[in-house]
Every structure is written in structure tokens, then in C-alpha cells.
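Please read this report alongside the sequence and the three-dimensional view, which are shown just below.

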Amino acid sequence: MLQVLIQKKSEGNYELSEAGVSRAYLTTMQRLLMHYAQQALKTPPPEAQAMGQKLPAFANQVIKKLDDYFDQLPQFAAFIKEPNTGRLGAYIGQNFMPQLEKVKEKLLETEIPKYKAEYENPYRVPSNDLLMLYAADFAAAPPLAYKPFDPEAEAEEKLKAAELVLPGEAPAGSGPKPQPGEILLQRYASAFVTARPLTYTPDTGSGDTDDDQDVATPSVPQQLSFRNFVAVINTVSRFVKAQDQQGYAKYYAGLPAVQQSAYTFYTLLQKAAQQQSVDWSGEIHKVMQRAQLDAGQANKLKDEVEAYRKVSQSLSRALAAGQQKGMPPQLAQSLYPQLITIFENNGNLAEKRTALKMSLLQVSVPAAKDAITEILAPQLEELVGLYGIA
């Protein structure tokens with residue numbers, strides 16, 4: 001059956017589906033293992049290429065969920081004939097997230113036009129979906145043969161069949177191949193039986209509904225990514241630390257209005273954290289006028305900045321804790337952008353848990369890894385409330 005690798009969110013943007021994420025993880029692991037085999041193990045290119053071709057079948061046996069890419073690392077090490085699982089783990093941890101992001105971007109770039117052509121085509125009808133999903137079944141179905149109805153001949157055939165088949169025995173031979181409609185009924189018989197009947201509620205124009213949560217309301221799109229927020233805050237911090245007022249003014253003036261407003265909200269939230277009074281109604285109104293945002297967009301931006309501020313502080317605390325337990329500063333610097341990617345405001349929680357484990361493979365000091373995990377694992381779970389992801 002055709003796998004849909006991307007999906008459209010209620011906000012209107014696109015993201016990888018569960019199948020798309022699985023494809024991205026497999027492709028990433030395939031690339032990294034083949035590169036490692038050739039560069040670190042000096043495996044001849046033809047042999048490495050043969051390994052790469054066999055890897056999807058191997059992964060299909062050992063990977064049942066995303067976490068298995070972490071849990072089954074010894075199996076992958078054995079697959080490429082690497083006796084030192086720790087060395088492979090350090091390499092995977094250092095390169096997995098950067099490579100995964102490239103693979104995801106390429107998948108989206110490739111799949112979005114296909115998705116739009118198939119699912120956003122104004123001429124698309126359900127029958128087209130059936131044809132796409134079951135094209136192989138329709139192609140393999142035998143052609144229908146027309147035979148004029150002959151009552152005497154039909155009675156004779158039934159008599160012959162009754163003579164050839166003893167009671168309790170199945171008829172000999174495979175018989176005619178089932179038609180596509182029969183295949184659908186057999187495959188989804190339980191779904192048809194358990195399906196609820198459709199209900200229709202007339203539109204009275206009153207605006208009242210029996211169940212408010214069933215009413216679809218358009219959601220406000222994301223206003224700012226976590227990556228952009230961190231870039232703005234860190235850049236401003238460098239100007240402040242260097243006491244470069246002129247550089248700061250030039251940088252701030254060149255920012256898009258939404259990012260300027262995000263920094264405004266950040267400074268106000270910092271004030272509120274110090275128990276200083278903030279007129280949020282008035283400040284939000286100022287942002288609306290300055291950045292040409294409506295009330296929904298302005299409030300959404302404030303909520304995003306508030307969440308990003310908490311997450312950013314957790315990342316800084318985790319890396320500081322790791323360094324206190326012996327993690328080299330250079331490793332903290334290289335790990336930081338990977339954590340930014342993992343804690344981005346998209347994707348799903350299960351994938352982020354796996355991605356965090358994969359990235360922390362490069363932290364070889366157990367006490368440092370434990371200190372980082374102790375802070376970031378709970379922070380991941382809080383993203384359900386902060387970002388609204390599941």
C-alpha cells in the first residue's frame with residue numbers, strides 16, 4: 001500500500017508523517033553506517049555498498065519502534081563488523097541529528113509537490129484515492145468474461161461439481177481469482193461491521209451546537225521557531241556582553257518585525273520573572289500595532305516566547321551540569337545546536353525522546369550524561385503543555 005510520507009497540519013504547514021519519520025531515520029542510519037564502514041573500518045566500497053543495500057531488510061527485522069535505533073546499536077555494530085560499539089555510538093551521536101535534519105528537509109522538498117498534486121487537487125475525488133491505493137490489485141485482477149446465460153448448461157455444471165466434490169471436502173483447484181471489490185470487503189470486513197452510522201445535523205444558522213469541542217476552529221499558525229528565538233537572544237546577549245550598543249542597534253533594526261516583537265516579549269517576561277509589574281494588555285496592543293499582528297497572532301507569539309524562554313534555560317542548565325561532571329566544553333558547544341533541533345516546536349514527543357538518546361551517545365562520561373538527562377528528559381515531557389505536541 002502506498003505510504004504517505006508527509007501530512008498537513010491544521011495550521012497549514014507540512015510535516016513528516018509517522019511513515020516519513022521512519023523513512024528519515026532509516027536513511028540517516030544507512031548513510032552514517034556506510035560512511036563509517038568505509039572511513040573508520042576501511043571497508044572496500046563495493047562491500048560497503050552491498051551492506052547498504054542489505055541494511056533496510058536487516059533494519060526491518062530489528063527495528064519495531066524508533067527507540068530501537070538506540071537500543072539495537074550493538075546489532076548495527078555487528079552488521080558492519082565493528083567490534084567497538086562505544087566508538088560507533090560516539091560517531092552516531094555526533095553526526096545523527098545534523099544528518100537527520102538534512103534528510104528530513106530533502107524528504108519534505110521532494111514529497112510536498114506530490115502531496116499537493118494528489119491531495120490538494122481541486123479535481124480530486126475519492127475514487128481516485130481508491131485507484132492509487134489499490135492500483136496493484138486492479139492491475140492483477142483477471143478481465144471479466146461475458147458468457148450468455150444458459151440455464152441448462154449452468155445446471156449441468158452444478159451437477160458435475162456436486163459429483164466431483166465429496167461432502168466435507170473443499171473443491172479442487174484454486175478457483176477464479178477474487179475481484180478488487182471482494183478483496184476490499186475481505187480486508188476491511190471488521191471495519192464495515194464496527195463503523196458508526198453517519199449523522200446529519202441541519203444548519204439552523206443559530207450558531208448553537210450540541211457539542212462545542214466538535215466544532216472545528218482554525219488554529220493560529222506558529223509565529224516563530226525555537227531556532228530563530230535562540231539565535232536572536234544569543235546574538236543580543238553577545239552585543240550586550242561586549243557593550244556594543246551600535247552593533248546591537250544595527251542588528252535589531254535589521255530583524256523582521258516578528259523577531260523584534262519576540263525580543264520585546266522576552267524582556268517583558270524577564271521583568272515579570274523578577275516580580276516587576278507588566279501591563280500585558282497594553283504591551284500586547286503595542287506589539288499588534290508595531291508588527292501588524294492581530295490579537296491571535298500577538299498572543300500566540302507571547303505564548304511561544306514564554307515557552308521558548310523556559311526551554312532555553314533548561315538547555316543551558318543541562319549543558320552546565322554536564323560540564324561540571326566532566327564533559328569537555330568543546331563537546332557542549334557542538335551538542336548545543338543539536339539540542340536546539342531536538343527541542344524545536346514541531347514533530348512528536350516519541351521522536352524527540354529517541355533523538356535525545358541518539359545525540360547523547362557522544363557524551364562518553366557517564367556522570368555527565370546522567371546529569372544532562374536528569375534535566376532534559378523531564379523538560380521533554382513538559383513540551384506537551386508548552387508546545388501542545390504529543
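## The lining of the largest pocket

The lining of the largest pocket is made up of 15 nonpolar, twelve polar and 14 charged residues. The model is a predicted one, and in it this pocket has a volume of about 1000 Å³. Its lining comprises 41 residues, and those lying nearest the centre of the pocket are Leu16, Ser17, Val21, Lys104 and Glu351. Helix H1 supplies the largest share of the lining, with six residues. The table names the elements that each give at least two residues to this lining.

| Element | Residues |
|---|---|
| Strand S2 | 14-16 |
| Helix H1 | 18-39 |
| Helix H2 | 45-62 |
| Helix H5 | 85-119 |
| Helix H16 | 329-342 |
| Helix H17 | 349-359 |

## The chain and its core

Turning to the chain as a whole, the secondary structure comes to 18 helices and two strands. The protein chain has 390 residues, of which 34% are buried, and it exposes about 24300 Å², with carbon and sulfur atoms supplying 55% of that area. Among the contacts in the chain with a separation of 6 or more, 70% are between residues 24 or more positions apart.

The largest nonpolar core holds 88 residues, and Ile92 and Phe226 are the ones with the most contacts inside it. Helix H15 gives the most to this core, contributing ten residues. When residues up to four places away in sequence are left out of the count, Ile92 touches Met29, Leu32, Leu33, Leu73, Met358 and Leu361.

Ser314 has its place in helix H15, which covers residues 295-324. Is Ser314 buried or exposed? Its relative accessibility is 4%, and because buried means under 20%, Ser314 counts as buried. Leaving aside residues up to four places away in sequence, Ser314 touches Ile375, Leu376 and Gln379.

Leu184, in turn, is found in helix H9, which covers residues 180-187. Although Leu184 and Tyr134 are 50 residues apart along the chain, their C-alpha atoms are separated by 9.1 Å.

Notes
Residues are numbered from 1 along each chain as its sequence is written. This is a predicted model: local features need pLDDT of at least 70, side-chain atom pairs count only at pLDDT 80 or more; totals for chains, interfaces and linings use all residues. Side-chain values use heavy atoms; hydrogens and water are left out. Helices (H or I, at least four residues) and strands (E, at least two) are DSSP runs, numbered from the N terminus. Buried means under 20% relative accessible area, exposed over 50%, partly exposed in between (1.4 Å probe, protein chains only). Contact means heavy atoms within 4.5 Å. On a 1 Å grid over the protein atoms alone, a cavity is a set of points where a 1.4 Å probe fits but cannot get out, and a pocket is an open set with protein on both sides within 12 Å along at least five of seven lines; lining residues have an atom within 4 Å of a point. Grid points are joined across faces, edges and corners, and a volume is the space filled by probe spheres set on the points. Ala, Val, Leu, Ile, Met, Phe, Trp, Tyr, Cys and Pro count as nonpolar, Asp, Glu, Lys and Arg as charged, and the others, Gly among them, as polar. Accessible areas come from the Shrake-Rupley method with a 1.4 Å probe; for residues, only the protein chains shown count as cover. A nonpolar core is a set of buried Ala, Val, Leu, Ile, Met, Phe, Trp, Tyr and Cys residues joined through side-chain atoms within 4.5 Å.
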